Amino acid sequence: MAAGPVGPPVPCGSPAPRDIMSFDEALADPRGRHVRALSGRQGVSTVSDTIRTECFDETPTRVVSGQGALESSRACLAGMGIAKALIVCGENVAKLPEVDQFTRACHGCIGVELFSGAEPDPTDANVIEGGRIGREFGAEVVIGIGGGSSMDCAKAVAAEIGAPGWIASQDRPGEPTSIEHDVLPIVCVPTTAGTGSEVNPFSVITFAQTRRKLVLNHEALFPRCAVLDPKLLVSAPKSVRVAAGLDALTHAVESYVSKRATPETRMRAAEAIRGVAKFLARVAEDADDMQAQAGMQRAAMVASLSFAKTRLGIVHAMALPLSALFGVPHGVANAILLPHGMRFNVEADAEGFAAIAAALGVETDDMSTADAPSAAPEAVSALAAEVGASTTMGEVGVKADAIERMADDAMQSAHVQVNPREISREDVVAVYQAAM
Ligand SMILES: [Fe+2]
(Lines give C-alpha, C1' and ligand atoms only; values in the text may rest on other atoms or scores of the structure.)
Protein backbone atom coordinates (compact mmCIF):
# COMPACT_ATOMS: atom_id res chain seq x y z
CA MET A 1 0.00 0.00 0.00
CA ALA A 2 1.87 3.05 -1.21
CA ALA A 3 1.59 6.17 0.86
CA GLY A 4 3.95 8.88 1.78
CA PRO A 5 5.21 12.35 1.17
CA VAL A 6 5.95 13.37 -2.37
CA GLY A 7 9.35 14.14 -3.87
CA PRO A 8 11.33 17.35 -3.83
CA PRO A 9 9.12 20.43 -3.75
CA VAL A 10 8.92 22.94 -6.55
CA PRO A 11 8.78 26.55 -5.29
CA CYS A 12 5.46 28.29 -5.69
CA GLY A 13 7.14 31.17 -7.45
CA SER A 14 5.35 34.34 -8.35
CA PRO A 15 1.76 35.05 -7.35
CA ALA A 16 -0.91 33.23 -9.27
CA PRO A 17 -1.91 34.91 -12.53
CA ARG A 18 -5.44 36.19 -12.91
CA ASP A 19 -6.80 33.08 -14.58
CA ILE A 20 -5.70 30.92 -11.69
CA MET A 21 -7.45 33.16 -9.19
CA SER A 22 -10.73 32.52 -10.94
CA PHE A 23 -10.27 28.83 -10.37
CA ASP A 24 -9.32 29.58 -6.79
CA GLU A 25 -12.70 31.22 -6.32
CA ALA A 26 -14.39 28.25 -7.90
CA LEU A 27 -12.86 25.85 -5.42
CA ALA A 28 -13.44 28.09 -2.44
CA ASP A 29 -17.12 28.62 -3.12
CA PRO A 30 -18.93 25.92 -1.11
CA ARG A 31 -22.10 26.31 -3.16
CA GLY A 32 -20.13 25.53 -6.28
CA ARG A 33 -22.71 27.35 -8.39
CA HIS A 34 -22.05 31.04 -8.62
CA VAL A 35 -19.71 32.03 -11.38
CA ARG A 36 -18.49 35.57 -11.47
CA ALA A 37 -17.79 37.50 -14.65
CA LEU A 38 -19.72 35.25 -16.93
CA SER A 39 -18.72 35.63 -20.53
CA GLY A 40 -21.11 33.14 -22.06
CA ARG A 41 -24.24 31.12 -21.49
CA GLN A 42 -24.98 28.74 -18.66
CA GLY A 43 -22.24 29.74 -16.31
CA VAL A 44 -19.28 29.53 -18.64
CA SER A 45 -16.32 31.65 -17.68
CA THR A 46 -13.33 31.71 -19.98
CA VAL A 47 -10.42 32.37 -17.69
CA SER A 48 -7.56 32.02 -20.18
CA ASP A 49 -6.99 31.07 -23.80
CA THR A 50 -7.09 27.40 -22.95
CA ILE A 51 -8.83 27.06 -19.58
CA ARG A 52 -12.43 27.78 -18.65
CA THR A 53 -14.76 27.16 -15.74
CA GLU A 54 -18.35 26.05 -16.09
CA CYS A 55 -21.24 25.26 -13.81
CA PHE A 56 -24.31 23.23 -14.63
CA ASP A 57 -27.82 22.94 -13.29
CA GLU A 58 -27.45 19.20 -12.65
CA THR A 59 -24.46 19.26 -10.34
CA PRO A 60 -22.87 21.55 -7.74
CA THR A 61 -19.47 20.57 -9.13
CA ARG A 62 -17.55 23.38 -10.78
CA VAL A 63 -15.85 22.13 -13.95
CA VAL A 64 -12.47 23.53 -14.94
CA SER A 65 -11.33 22.31 -18.34
CA GLY A 66 -8.63 22.74 -20.92
CA GLN A 67 -5.00 21.92 -21.54
CA GLY A 68 -2.97 22.94 -18.52
CA ALA A 69 -5.94 22.90 -16.13
CA LEU A 70 -4.16 20.56 -13.72
CA GLU A 71 -1.02 22.64 -13.60
CA SER A 72 -3.00 25.83 -13.11
CA SER A 73 -4.97 24.36 -10.24
CA ARG A 74 -2.09 24.00 -7.79
CA ALA A 75 -1.73 27.62 -6.73
CA CYS A 76 -5.39 27.85 -5.91
CA LEU A 77 -5.04 25.24 -3.19
CA ALA A 78 -2.76 27.58 -1.31
CA GLY A 79 -4.97 30.52 -2.23
CA MET A 80 -8.07 28.98 -0.68
CA GLY A 81 -6.35 28.66 2.66
CA ILE A 82 -5.86 24.91 2.57
CA ALA A 83 -2.64 23.77 4.14
CA LYS A 84 -2.82 20.02 3.56
CA ALA A 85 -4.15 17.92 0.68
CA LEU A 86 -4.43 14.15 0.36
CA ILE A 87 -4.05 12.84 -3.19
CA VAL A 88 -5.80 9.51 -3.83
CA CYS A 89 -4.87 7.50 -6.92
CA GLY A 90 -3.78 4.10 -8.15
CA GLU A 91 -0.19 2.90 -8.51
CA ASN A 92 0.02 3.51 -12.26
CA VAL A 93 -1.41 7.01 -12.11
CA ALA A 94 1.06 7.91 -9.36
CA LYS A 95 3.84 7.25 -11.89
CA LEU A 96 2.49 9.66 -14.52
CA PRO A 97 4.92 12.55 -15.04
CA GLU A 98 2.06 15.07 -14.97
CA VAL A 99 0.91 13.77 -11.59
CA ASP A 100 4.42 13.69 -10.18
CA GLN A 101 4.95 17.24 -11.40
CA PHE A 102 1.63 18.31 -9.88
CA THR A 103 2.27 16.73 -6.50
CA ARG A 104 5.75 18.20 -6.31
CA ALA A 105 4.40 21.59 -7.37
CA CYS A 106 1.69 21.41 -4.69
CA HIS A 107 4.32 20.37 -2.18
CA GLY A 108 6.02 23.71 -2.74
CA CYS A 109 2.88 25.53 -1.63
CA ILE A 110 1.07 23.23 0.78
CA GLY A 111 1.52 19.89 2.50
CA VAL A 112 0.70 16.94 0.27
CA GLU A 113 0.34 13.28 1.15
CA LEU A 114 -0.01 10.67 -1.56
CA PHE A 115 -2.15 7.57 -1.09
CA SER A 116 -1.68 5.42 -4.19
CA GLY A 117 -3.51 2.36 -2.90
CA ALA A 118 -6.79 2.80 -4.77
CA GLU A 119 -7.31 -0.56 -6.51
CA PRO A 120 -9.07 -0.94 -9.90
CA ASP A 121 -12.26 -1.94 -8.04
CA PRO A 122 -11.69 -0.05 -4.79
CA THR A 123 -12.51 -1.93 -1.63
CA ASP A 124 -13.64 -0.88 1.83
CA ALA A 125 -10.09 -1.77 2.95
CA ASN A 126 -8.70 0.85 0.52
CA VAL A 127 -11.11 3.42 1.94
CA ILE A 128 -10.17 2.61 5.54
CA GLU A 129 -6.45 2.84 4.74
CA GLY A 130 -6.83 6.09 2.81
CA GLY A 131 -8.98 7.49 5.60
CA ARG A 132 -6.39 6.62 8.22
CA ILE A 133 -3.58 8.20 6.24
CA GLY A 134 -5.61 11.32 5.55
CA ARG A 135 -6.70 11.65 9.18
CA GLU A 136 -3.17 11.24 10.56
CA PHE A 137 -1.90 13.73 8.02
CA GLY A 138 -4.59 16.26 8.88
CA ALA A 139 -5.86 16.53 5.29
CA GLU A 140 -8.25 19.39 4.53
CA VAL A 141 -9.09 18.40 0.96
CA VAL A 142 -9.04 15.10 -0.93
CA ILE A 143 -7.94 15.10 -4.57
CA GLY A 144 -8.84 11.98 -6.54
CA ILE A 145 -6.73 11.51 -9.68
CA GLY A 146 -7.35 8.59 -12.03
CA GLY A 147 -10.17 6.64 -13.63
CA GLY A 148 -13.54 6.05 -12.02
CA SER A 149 -12.07 3.73 -9.40
CA SER A 150 -9.63 6.30 -8.03
CA MET A 151 -12.22 9.05 -8.02
CA ASP A 152 -14.80 6.81 -6.33
CA CYS A 153 -12.21 5.80 -3.73
CA ALA A 154 -11.32 9.45 -3.10
CA LYS A 155 -14.96 10.34 -2.47
CA ALA A 156 -15.34 7.58 0.11
CA VAL A 157 -11.99 8.45 1.71
CA ALA A 158 -13.14 12.07 2.10
CA ALA A 159 -16.12 10.78 4.07
CA GLU A 160 -14.15 8.18 6.05
CA ILE A 161 -11.56 10.71 7.26
CA GLY A 162 -14.17 12.53 9.35
CA ALA A 163 -15.76 9.40 10.84
CA PRO A 164 -13.52 6.35 11.22
CA GLY A 165 -15.57 3.22 10.55
CA TRP A 166 -18.15 5.02 8.43
CA ILE A 167 -17.53 2.91 5.33
CA ALA A 168 -18.20 -0.34 7.23
CA SER A 169 -21.61 1.00 8.25
CA GLN A 170 -22.61 1.42 4.61
CA ASP A 171 -22.54 -2.29 3.71
CA ARG A 172 -26.31 -2.64 3.68
CA PRO A 173 -27.81 -3.33 0.24
CA GLY A 174 -31.04 -1.57 -0.61
CA GLU A 175 -30.68 1.14 2.02
CA PRO A 176 -29.75 4.73 1.23
CA THR A 177 -26.25 5.98 1.89
CA SER A 178 -26.08 7.70 5.26
CA ILE A 179 -23.64 10.53 6.04
CA GLU A 180 -24.21 12.55 9.21
CA HIS A 181 -20.80 14.16 9.55
CA ASP A 182 -18.78 16.72 7.64
CA VAL A 183 -17.11 15.40 4.50
CA LEU A 184 -13.88 17.01 3.32
CA PRO A 185 -14.02 18.94 0.04
CA ILE A 186 -13.38 16.64 -2.91
CA VAL A 187 -11.57 17.52 -6.14
CA CYS A 188 -11.67 14.98 -8.99
CA VAL A 189 -9.17 14.82 -11.82
CA PRO A 190 -10.09 12.13 -14.39
CA THR A 191 -7.39 10.35 -16.39
CA THR A 192 -9.89 8.44 -18.55
CA ALA A 193 -12.93 9.69 -20.46
CA GLY A 194 -15.61 7.25 -19.36
CA THR A 195 -17.31 7.08 -15.99
CA GLY A 196 -18.06 10.76 -15.44
CA SER A 197 -17.56 10.21 -11.72
CA GLU A 198 -16.04 13.70 -11.54
CA VAL A 199 -19.45 15.38 -11.65
CA ASN A 200 -21.74 12.90 -9.91
CA PRO A 201 -22.38 11.84 -6.29
CA PHE A 202 -21.78 8.11 -6.83
CA SER A 203 -18.99 5.95 -5.46
CA VAL A 204 -18.82 2.23 -6.23
CA ILE A 205 -17.07 0.33 -3.44
CA THR A 206 -16.53 -3.43 -3.14
CA PHE A 207 -16.92 -4.78 0.38
CA ALA A 208 -14.27 -7.46 0.60
CA GLN A 209 -15.80 -9.67 3.26
CA THR A 210 -19.28 -9.91 1.76
CA ARG A 211 -18.07 -9.53 -1.88
CA ARG A 212 -20.83 -6.99 -2.38
CA LYS A 213 -20.30 -4.16 -4.83
CA LEU A 214 -22.44 -1.27 -3.66
CA VAL A 215 -23.13 2.13 -5.16
CA LEU A 216 -22.88 4.85 -2.53
CA ASN A 217 -24.98 7.86 -3.48
CA HIS A 218 -25.09 11.01 -1.36
CA GLU A 219 -24.98 14.72 -2.13
CA ALA A 220 -22.02 15.10 0.22
CA LEU A 221 -20.04 13.00 -2.27
CA PHE A 222 -20.37 15.52 -5.08
CA PRO A 223 -16.88 16.80 -5.94
CA ARG A 224 -16.43 20.49 -5.24
CA CYS A 225 -14.43 20.78 -8.41
CA ALA A 226 -13.61 18.67 -11.46
CA VAL A 227 -10.39 19.36 -13.34
CA LEU A 228 -10.59 18.16 -16.94
CA ASP A 229 -7.13 18.33 -18.45
CA PRO A 230 -6.94 16.35 -21.73
CA LYS A 231 -3.19 15.92 -21.35
CA LEU A 232 -3.89 13.42 -18.57
CA LEU A 233 -5.70 11.10 -20.98
CA VAL A 234 -2.70 10.50 -23.20
CA SER A 235 -1.00 7.74 -21.22
CA ALA A 236 -3.96 5.32 -21.17
CA PRO A 237 -3.46 2.41 -23.59
CA LYS A 238 -5.76 2.09 -26.59
CA SER A 239 -7.83 -0.69 -25.00
CA VAL A 240 -8.57 1.53 -22.00
CA ARG A 241 -9.40 4.56 -24.17
CA VAL A 242 -11.80 2.46 -26.23
CA ALA A 243 -13.48 0.76 -23.27
CA ALA A 244 -13.89 4.03 -21.37
CA GLY A 245 -15.32 5.76 -24.43
CA LEU A 246 -17.84 3.00 -25.08
CA ASP A 247 -18.82 3.09 -21.40
CA ALA A 248 -19.59 6.79 -21.83
CA LEU A 249 -21.58 5.99 -24.98
CA THR A 250 -23.55 3.35 -23.07
CA HIS A 251 -24.34 5.90 -20.34
CA ALA A 252 -25.63 8.34 -22.93
CA VAL A 253 -27.70 5.83 -24.92
CA GLU A 254 -29.29 4.21 -21.88
CA SER A 255 -29.99 7.57 -20.31
CA TYR A 256 -31.56 8.90 -23.52
CA VAL A 257 -34.24 6.18 -23.55
CA SER A 258 -34.62 5.72 -19.78
CA LYS A 259 -38.14 5.85 -18.40
CA ARG A 260 -36.92 8.79 -16.32
CA ALA A 261 -35.58 10.78 -19.28
CA THR A 262 -36.63 14.42 -19.60
CA PRO A 263 -36.03 16.92 -22.41
CA GLU A 264 -33.09 18.25 -20.40
CA THR A 265 -31.44 14.86 -19.84
CA ARG A 266 -31.98 13.98 -23.50
CA MET A 267 -30.23 17.17 -24.52
CA ARG A 268 -27.17 16.22 -22.46
CA ALA A 269 -27.26 12.59 -23.61
CA ALA A 270 -27.51 13.60 -27.28
CA GLU A 271 -24.52 15.91 -26.90
CA ALA A 272 -22.56 13.02 -25.41
CA ILE A 273 -23.54 10.64 -28.23
CA ARG A 274 -22.52 13.18 -30.87
CA GLY A 275 -19.22 13.69 -29.06
CA VAL A 276 -18.39 9.98 -28.92
CA ALA A 277 -19.37 9.52 -32.57
CA LYS A 278 -17.09 12.37 -33.56
CA PHE A 279 -14.07 11.76 -31.37
CA LEU A 280 -13.79 8.14 -30.19
CA ALA A 281 -12.20 6.78 -33.37
CA ARG A 282 -9.74 9.65 -33.33
CA VAL A 283 -8.58 9.02 -29.75
CA ALA A 284 -8.41 5.29 -30.45
CA GLU A 285 -6.11 6.02 -33.36
CA ASP A 286 -4.02 8.78 -31.84
CA ALA A 287 -3.78 9.44 -28.11
CA ASP A 288 -2.01 12.73 -28.78
CA ASP A 289 -5.01 14.20 -30.63
CA MET A 290 -5.76 16.79 -27.97
CA GLN A 291 -8.88 18.16 -29.61
CA ALA A 292 -10.40 14.68 -29.74
CA GLN A 293 -9.30 13.86 -26.17
CA ALA A 294 -10.95 17.05 -24.92
CA GLY A 295 -14.07 16.16 -26.92
CA MET A 296 -14.25 12.71 -25.33
CA GLN A 297 -13.61 14.18 -21.90
CA ARG A 298 -16.58 16.47 -22.33
CA ALA A 299 -18.80 13.71 -23.78
CA ALA A 300 -18.14 11.49 -20.77
CA MET A 301 -18.84 14.37 -18.39
CA VAL A 302 -22.15 15.43 -19.94
CA ALA A 303 -23.29 11.79 -20.21
CA SER A 304 -22.78 11.61 -16.46
CA LEU A 305 -24.88 14.75 -15.93
CA SER A 306 -27.66 12.95 -17.78
CA PHE A 307 -27.52 9.49 -16.24
CA ALA A 308 -27.17 10.82 -12.71
CA LYS A 309 -30.80 11.94 -13.17
CA THR A 310 -32.16 9.00 -15.18
CA ARG A 311 -30.17 5.95 -14.11
CA LEU A 312 -29.30 3.46 -16.87
CA GLY A 313 -30.88 0.28 -18.26
CA ILE A 314 -30.56 -3.31 -19.42
CA VAL A 315 -26.95 -3.03 -20.60
CA HIS A 316 -25.55 -1.86 -17.27
CA ALA A 317 -27.74 -4.36 -15.42
CA MET A 318 -26.29 -7.18 -17.54
CA ALA A 319 -22.73 -5.87 -17.56
CA LEU A 320 -22.29 -6.05 -13.78
CA PRO A 321 -22.27 -9.90 -13.58
CA LEU A 322 -19.66 -10.08 -16.37
CA SER A 323 -17.35 -8.00 -14.21
CA ALA A 324 -18.24 -9.68 -10.92
CA LEU A 325 -17.93 -13.30 -12.13
CA PHE A 326 -15.34 -13.08 -14.91
CA GLY A 327 -13.43 -9.89 -14.17
CA VAL A 328 -14.39 -8.32 -17.49
CA PRO A 329 -13.59 -4.58 -17.32
CA HIS A 330 -16.76 -2.53 -17.01
CA GLY A 331 -16.34 -0.65 -20.28
CA VAL A 332 -15.53 -3.85 -22.20
CA ALA A 333 -18.67 -5.56 -20.85
CA ASN A 334 -20.80 -2.58 -21.88
CA ALA A 335 -19.20 -2.42 -25.31
CA ILE A 336 -20.10 -6.06 -25.98
CA LEU A 337 -23.65 -5.83 -24.69
CA LEU A 338 -24.68 -2.38 -25.94
CA PRO A 339 -25.80 -3.22 -29.50
CA HIS A 340 -27.73 -6.25 -28.24
CA GLY A 341 -29.43 -4.29 -25.48
CA MET A 342 -30.33 -1.59 -28.00
CA ARG A 343 -31.88 -4.12 -30.41
CA PHE A 344 -33.97 -5.44 -27.51
CA ASN A 345 -35.16 -1.94 -26.61
CA VAL A 346 -35.79 -0.46 -30.07
CA GLU A 347 -39.49 -1.38 -30.17
CA ALA A 348 -40.13 0.45 -26.90
CA ASP A 349 -38.93 3.87 -28.07
CA ALA A 350 -38.66 4.09 -31.86
CA GLU A 351 -38.50 7.88 -31.82
CA GLY A 352 -35.74 7.88 -29.21
CA PHE A 353 -33.63 5.37 -31.11
CA ALA A 354 -34.12 7.26 -34.37
CA ALA A 355 -32.74 10.34 -32.60
CA ILE A 356 -29.83 8.27 -31.27
CA ALA A 357 -29.09 7.04 -34.80
CA ALA A 358 -29.02 10.63 -36.03
CA ALA A 359 -26.74 11.67 -33.15
CA LEU A 360 -24.42 8.83 -34.14
CA GLY A 361 -24.16 10.37 -37.60
CA VAL A 362 -26.59 8.18 -39.53
CA GLU A 363 -28.42 10.03 -42.34
CA THR A 364 -31.93 9.23 -41.13
CA ASP A 365 -33.86 11.87 -43.07
CA ASP A 366 -34.64 9.57 -45.99
CA MET A 367 -35.19 6.47 -43.87
CA SER A 368 -38.59 5.02 -43.01
CA THR A 369 -39.84 5.30 -39.44
CA ALA A 370 -39.16 1.59 -39.09
CA ASP A 371 -35.60 1.69 -40.44
CA ALA A 372 -34.23 4.75 -38.63
CA PRO A 373 -34.47 3.35 -35.06
CA SER A 374 -32.92 0.04 -36.13
CA ALA A 375 -29.98 1.91 -37.61
CA ALA A 376 -28.85 2.96 -34.11
CA PRO A 377 -27.55 -0.42 -32.86
CA GLU A 378 -25.95 -1.07 -36.24
CA ALA A 379 -24.13 2.26 -36.02
CA VAL A 380 -22.86 1.33 -32.55
CA SER A 381 -21.65 -2.04 -33.84
CA ALA A 382 -19.84 -0.32 -36.70
CA LEU A 383 -18.17 2.16 -34.33
CA ALA A 384 -17.13 -0.64 -31.96
CA ALA A 385 -15.61 -2.57 -34.87
CA GLU A 386 -13.82 0.55 -36.14
CA VAL A 387 -12.13 1.12 -32.77
CA GLY A 388 -11.28 -2.54 -32.25
CA ALA A 389 -13.55 -3.32 -29.30
CA SER A 390 -14.35 -6.88 -28.26
CA THR A 391 -17.67 -7.98 -29.71
CA THR A 392 -18.55 -11.28 -28.00
CA MET A 393 -18.62 -12.54 -24.43
CA GLY A 394 -16.73 -15.65 -25.51
CA GLU A 395 -13.80 -13.47 -26.60
CA VAL A 396 -13.35 -12.17 -23.05
CA GLY A 397 -13.64 -15.51 -21.28
CA VAL A 398 -17.31 -15.62 -20.30
CA LYS A 399 -18.69 -19.17 -20.19
CA ALA A 400 -22.11 -19.96 -21.65
CA ASP A 401 -23.00 -22.15 -18.66
CA ALA A 402 -22.91 -19.05 -16.45
CA ILE A 403 -25.72 -17.31 -18.31
CA GLU A 404 -28.49 -18.54 -16.01
CA ARG A 405 -26.64 -17.35 -12.92
CA MET A 406 -25.79 -14.02 -14.57
CA ALA A 407 -29.44 -13.52 -15.55
CA ASP A 408 -30.49 -13.97 -11.92
CA ASP A 409 -27.92 -11.38 -10.83
CA ALA A 410 -28.79 -8.92 -13.60
CA MET A 411 -32.47 -8.96 -12.65
CA GLN A 412 -31.51 -7.69 -9.18
CA SER A 413 -30.16 -4.45 -10.62
CA ALA A 414 -32.12 -1.24 -10.07
CA HIS A 415 -31.35 -0.30 -13.67
CA VAL A 416 -33.94 -2.88 -14.80
CA GLN A 417 -36.73 -0.69 -13.44
CA VAL A 418 -35.95 2.32 -15.66
CA ASN A 419 -35.34 0.38 -18.87
CA PRO A 420 -37.76 1.57 -21.56
CA ARG A 421 -39.00 -1.97 -22.26
CA GLU A 422 -40.19 -4.33 -19.54
CA ILE A 423 -37.56 -7.00 -18.95
CA SER A 424 -38.14 -10.64 -17.98
CA ARG A 425 -35.49 -13.07 -16.89
CA GLU A 426 -35.98 -14.93 -20.17
CA ASP A 427 -35.30 -11.72 -22.08
CA VAL A 428 -32.00 -11.30 -20.26
CA VAL A 429 -31.01 -14.89 -21.04
CA ALA A 430 -31.81 -14.30 -24.73
CA VAL A 431 -29.72 -11.10 -24.88
CA TYR A 432 -26.78 -12.87 -23.19
CA GLN A 433 -27.06 -15.71 -25.69
CA ALA A 434 -27.07 -13.25 -28.57
CA ALA A 435 -23.86 -11.71 -27.18
CA MET A 436 -22.05 -15.08 -26.68
FE1 LIG B 1 -20.83 2.57 -16.85
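**Close-up views of a predicted protein model**

**View 1. R311 lies in the loop between α9 (290–310) and α10.** Helices (H or I, at least four residues) and strands (E, at least two) are DSSP runs, numbered from the N terminus. This is a predicted model, in which local features need pLDDT of at least 70 and side-chain atom pairs count only at pLDDT 80 or more, while totals for chains, interfaces and linings use all residues. Residues are numbered from 1 along each chain as its sequence is written. Although R311 is not a glycine, its phi is positive, about 60 degrees. Most residues other than glycine have a negative phi. R311 counts as buried because it has 20 C-beta neighbours inside 10 Å. A residue is termed buried if 20 or more other C-beta atoms, placed from the backbone, lie within 10 Å of its own, exposed if 12 or fewer do, and partly exposed in between.

**View 2. Helix α10 (residues 314–326) packs against helix α11 (residues 330–345).** From α10, the residues I314, V315, H316, M318, A319, L322 and S323 meet H330, A333, N334, L337, L338, G341, F344 and N345 of α11. Two residues are in contact if their C-beta atoms, placed from the backbone, lie within 7 Å. By class, this contact of α10 with α11 has nine nonpolar, six polar and no charged residues. Here Ala, Val, Leu, Ile, Met, Phe, Trp, Tyr, Cys and Pro count as nonpolar, Asp, Glu, Lys and Arg as charged, and the others, Gly among them, as polar.

**View 3. Strand β3 (residues 52–56) pairs with strand β4 (residues 59–65) in the antiparallel sense.** Four bridges link β3 and β4; two strands are said to pair if DSSP finds at least two bridges between them. T53 stands opposite V64 in β4, and a hairpin of two residues joins β3 to β4. Four of the five residues of β3 are buried.

**View 4. Strand β11 (residues 225–228) is covered on both faces.** On one side C225 and V227 are buried, and on the other A226 and L228 are buried. β11 runs parallel to β4, joined by four bridges, and V63 stands opposite A226. Strand β8 (residues 186–190) also runs parallel to β11, joined by two bridges, and C188 stands opposite A226.

**View 5. S73 lies in helix α2 (residues 69–79).** S73 is buried because 25 other C-beta atoms lie within 10 Å. The C-alpha atoms of S73 and V227 are separated by 8.0 Å, although these residues are 154 residues apart along the chain.

View 6. The buried residues of α5 are D124, N126, V127, G130, G131, I133 and G134. G138 follows α5 and has a positive phi, near 80 degrees.

How values were computed. Axes are lines fitted to C-alpha atoms, for helices over the stretch in contact, and angles run from 0 to 180 degrees between N-to-C directions.
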